[in-house]
Amino acid sequence: MKVTPLDAPLGARITGIDLRETPDEALAAEIRAIVHEYSVTIFPDQTFNAKQQLAFTKSLGPVRKRKLPDDYVSPASSYETPGIAYVSNIRDENGEPTGVIPDGEMWFHHDTCYTDEPDKFTMLYSIAVPKVGGNTMWGNMYQAWDTLPEDLKKEIHGKNALNVYDYATIDKPDLENLENIEKAWQPCVVTHPQNGREALFVNRLMTCQIEGLSVEDSSPILDSIFDHAEQRQFVYEHQWSVGDFVIWDNLAVTHARTHFEIGDDRRLRRSKVSGDKLVA
Ligand SMILES: [Fe+2]
C-alpha cells in the first residue's frame, strides 16, 4: 500500500491495494490509522460490488444501518442491501430517482450530526460521474477551529449546538415545525477520540442554534463561523473518476457537493461505519 499525501489542506491517495479482498484486522487497523491521519483517503481504480464494499466497510467497524423516519419513502433500489445506499440522480421508468439525495448542490455538513451517535466514517464508491460538476469538497475542521478568531471561539467553546436535518429539503429546515424531524444537540467543538485534537463541529446545512441563545441571536455568529470554515484554504475539492473509492473521517471534516445538471448522471455507492456519542 502506497500513501501519497495530496497537495491540499487534507487527504491522501492510496494505491497498491485491491479492496475486493476484505482486509484482515492488522490491515484494517492500518487503514483506520491512515484515515485518521489524513481525514480523507482516496483509493483510485477500484472495482468492487456492493457485497464486497459491505465486507470492506464491516472490517473497519460496525456498519451503520439507517433508521429512517417512518414516513420516509426510500427510492426503489437504494436500500436493497442493508448498509448500502445509492446516491443517485438516475431515474427509473416512472421518472423517480433511484437513489438518495439525487440532485444538485449540497451545503457543507457532517453526516448524521442530527442523531445521538454521528457516523464515524463515510465511504463513497463512484459508479457514474457527471460531465460537469458534482464534485465533493471536504473542509479541514481542525484547521478551521485552530484559526477561528478568538471572539468567535469564545461564543461556542464548551457549548452545544442544535443540529437538524429535514430529508424533504436540501436547505435549512423550518425551525417552527421540528416535531417529526431528526435533531440532536452536539458539542460545537469535538475532541477527536483518536488524537485528542479539537475540531469544529458545526455546519451550514444542519446547525441551527447555539445553546443558551435564541435562533435569531445564534444565526449571525454561526454564519460568521461557517464563512470562516468554508474558506478555500481549508478545503479540498475532488473531481470524481469512475472507480474512485473514498473514506473520510466524519468528526474531522465537513463535506459538500457542487452543482451538476439534473440529467447528467451521477451515481455513488455509499456505506458507513457508525460512531459513538461525541465528547466536547
Ligand atoms: Fe453527506
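I take contact to mean heavy atoms within 4.5 Å. The model is predicted: I kept local features at pLDDT of at least 70 and side-chain atom pairs at pLDDT 80 or more, while totals for chains, interfaces and linings use all residues. Residues are numbered from 1 along each chain as its sequence is written, and side-chain values use heavy atoms, with hydrogens and water left out.

Entry: Gln 46.
I found Gln 46 in the loop between strand S3 (40-43) and helix H2 (50-60); helices (H or I, at least four residues) and strands (E, at least two) are DSSP runs, numbered from the N terminus. Leaving aside neighbours within four places in sequence, I list Ile 17, Asp 18, Leu 19, Tyr 125, Gly 243 and Phe 245 as its contacts. A polar atom of the Gln 46 side chain lies 2.9 Å from the backbone nitrogen of Leu 19. Is Gln 46 buried or exposed? Its relative accessible area is 5%, so I note Gln 46 as buried (buried is under 20% relative accessible area, exposed over 50%, partly exposed in between; 1.4 Å probe, protein chains only).

Entry: aromatic pairs.
I paired rings of Phe, Tyr and Trp (its six-membered ring) with centres within 6.5 Å; planes under 30 degrees apart count as stacked, over 60 as edge-to-face and the rest as tilted. The count is eight aromatic pairs. Phe 48 and Tyr 125 have ring centres 5.0 Å apart and planes at 75°, so I logged the pair as edge-to-face. Phe 48 is in the loop between S3 and H2 and Tyr 125 in strand S6 (residues 121-128), 77 residues apart. Both Phe 48 and Tyr 125 are buried. For Tyr 114 and Tyr 165 the centres are 5.4 Å apart and the planes at 35°, so this pair is tilted. Tyr 114 lies in the loop between strand S5 (106-109) and S6, and Tyr 165 in strand S8, so the pair ties together parts 51 residues apart in sequence. I also noted a cluster linked by ring pairs: Phe 43, Phe 48, Phe 56, Tyr 125 and Phe 245.

Entry: the sheet S9-S8-S12.
I looked up an open sheet of three strands in the order S9-S8-S12, with antiparallel pairing (two strands pair if DSSP finds at least two bridges between them). Which strands stand at the edges? Strand S9 (182-187) and strand S12 (207-210) do, each with a single partner strand, so one side of each has no neighbour in the sheet. Strand S8 (residues 160-165) pairs with S12 over three bridges, in the antiparallel sense. Ala 161 has Ile 210 in S12 as its bridge partner.

Note on methods:
Polar contact = N/O pair within 3.5 Å; in protein donor to acceptor, adjacent residues only side chain to side chain.
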